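Hello,

Here is the structure I promised to pass on. My notes on what was found in it follow below.

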Amino acid sequence: MRKPFDPSLVPDPTPTAALPSGPLSVSQLTAIIKRAIETTLPATVHVLGELSNLKRHSSGHLYFTLKDRSSELACVMWRSEAAKMKFTPADGMEVIATGTVEVFERAGRYQLYARKIEPRGVGSLELAFRQLCEKLAQEGLFDAGRKKPLPAYPNRVVLVTSPTGAAVTDMLRTLTRRFPCLGVLVYPVRVQGDGAAAEIAAAIRNVNRCAESLGGVDVMIVGRGGGSVEDLWAFNEEVVARAIFASRIPIISAVGHEVDVTIADLVADVRAATPTAAAELAVPVLEDVLAGLAILEGRLRRAAVGQTALAGARLGGVVARGPFREPLAVVRRREQFLDELADRPGRALRVRMQAVRRRVEALEAVVQRIAPHAYLLRSAVRLRDAEHRLRRAVERLLERMRQGAAAAQQRLRTASPATLLPRWGERLTRHEGAMLAAVRHAHSLLRERVQLKEEVLSALSYKSVLGRGFSITRLKRGRAVVRSLAQIHDHDRTLTEVADGEFEAEVLNLRQLELFE
Amino acid sequence: MAKPKLTFEEALKQLETIAEQIEQGKIGLEESIAQYEQGMTLVRYCREVLSKAELRIQRLQQRGDGTLEVTPFEPQAEP
């Protein structure tokens with residue numbers, strides 16, 4: 001609508017002829033002023049001044065005053081323009097505002113409709129970068145403590161970048177070369193121009209949201225190749241910084257070249273100097289992983305073999321010195337115990353049987369002396385038989401016990417002695433009991449028989465031998481049997497008993513028998 | 001057998017732990033042998049993971065409903 005500024009078009013400063021002669025209405029005057037300004041000033045002016053009274057209305061429009069030492073200029077910046085501003089304007093800042101001066105007729109005011117505000121002395125982008133840096137640093141977005149570690153062995157990597165260009169090619173080539181067992185997903189975004197930042201931020205959020213349905217995403221690389229500061233600007237935008245910060249998935253930033261540092265680089269978990277470097281950071285080299293695995297396997301083998309050898313050596317030690325060297329020692333000790341056990345009743349039995357035998361022998365001596373009756377002889381034989389049977393019974397018992405011991409020993413060889421021995425001991429005790437009972441029984445039987453014989457012997461008495469010519473002499477007074485010369489004196493009266501009666505006699509000529517030793 | 005859910009990294013970590021445990025000799029022989037067997041299973045599992053996985057390059061595309069669609073990726077030349 002408005003033409004570029006042309007000085008020749010500036011009207012004569014004193015154009016009074018066109019004015020009506022009467023008083024002017026406010027509207028008429030305002031219209032004249034408006035026309036004068038609009039036709040006098042160029043469509044775009046650049047005004048240098050200090051920002052003051054800066055107000056951002058809830059509508060998003062920006063109201064401020066530009067001033068210098070002697071004058072002030074009212075300014076407004078519409079929302080659409082204000083939103084594009086990279087840096088944050090503040091009171092006291094010296095700026096160059098670019099826009100159009102127009103008259104606001106209703107208020108009778110002129111003001112500058114600014115389309116752009118540039119900080120003076122420093123580039124707007126640089127200032128914006130510094131300002132955002134400061135802000136995010138304060139909020140802790142760059143804190144080292146908030147950075148997530150990268151997985152050592154990622155399974156799936158997402159590249160948020162332009163699908164065209166060198167960056168994506170470099171990254172894919174590097175990933176393929178290093179770790180060819182990887183899932184790579186390219187999330188195409190615009191990486192420069194209006195809306196690029198929003199796209200990048202949305203992509204980061206989407207990948208986080210859909211990571212599960214993609215089968216899990218281990219790491220994301222966000223970046224682009226080199227370019228001018230303006231080209232890289234999207235990676236300096238707050239929205240990208242916040243999206244990176246909010247990401248659960250670790251993010252490697254890879255923007256431009258080594259020298260280019262963006263806000264995204266500062267927020268990212270790891271900053272890579274270039275896209276290729278980012279790919280190198282993201283994945284290991286497969287050969288190295290396999291080599292590491294082989295080393296681990298070797299360690300495992302050696303450790304297991306070492307453990308086994310160690311255990312073997314220990315086992316050897318135990319076997320060499322423990323009861324394992326003489327596995328039968330335990331059994332033998334038990335056997336010895338058993339023998340002792342068998343000996344004990346045996347010994348007692350032998351003692352008793354010797355006593356019995358001695359009595360039997362004594363009886364036999366008597367019997368021989370007094371010409372034993374055939375019955376006595378038979379009895380003596382039977383006694384000996386009884387003794388023999390008793391002995392055999394005991395031997396059988398002992399034999400059975402030994403067999404039991406042998407069987408137990410056999411079982412001990414195959415089974416654990418610890419479990420068998422107590423049971424075995426129990427049986428031994430039982431055997432011992434049975435044997436003692438048997439011995440006692442046999443002994444009492446024997447004793448009974450001996451008693452019986454004695455009774456029979458005494459019942460038969462001496463009378464049986466009287467018939468064979470023996471006689472008994474008793475003192476007449478007191479009827480004591482005369483056993484020794486000491487009992488009698490010459491002329492004592494005695495009674496002598498023979499088989500069929502007795503006769504009285506007088507003692508004469510006592511003669512001591514010659515003793516011979 | 002290693003659980004199928006085990007990631008490569010987890011498997012490797014377990015493997016390292018097992019190797020250390022056996023090396024330190026703090027566990028008994030039977031346990032060592034069991035651990036060794038488990039370790040060798042993990043080694044096989046790790047090798048399998050690495051050998052079975054192959055490089056796939058795909059492209060993500062956002063659908064209208066906000067979900068992501070995976071499509072084949074064809075490298076494009078710079079315009």
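In chain A, strand β8 (residues 219–224) runs parallel to strand β9 (residues 251–255), and five bridges link the two. Within this pair, A:Ile221 lies opposite A:Ile252 of β9(A). Helices (H or I, at least four residues) and strands (E, at least two) are DSSP runs, numbered from the N terminus. Two strands count as paired if DSSP finds at least two bridges between them.

A word on the source: this is a predicted model, in which local features need pLDDT of at least 70 and side-chain atom pairs count only at pLDDT 80 or more, while totals for chains, interfaces and linings use all residues. Residues are numbered from 1 along each chain as its sequence is written, and chains are lettered from A and ligands numbered from 1 in the order in which they are written.

Strand β7 (residues 183–188) of chain A and β1(B) run parallel and are joined by four bridges. A:Val186 stands opposite B:Arg59 in β1(B).

As for the chain contacts, 37 residues of chain B touch 35 residues of chain A (contact: C-beta atoms, placed from the backbone, within 7 Å). On the chain B side, α2(B) gives the largest share, ten residues.

Regards

Key
Two residues are in contact if their C-beta atoms, placed from the backbone, lie within 7 Å.
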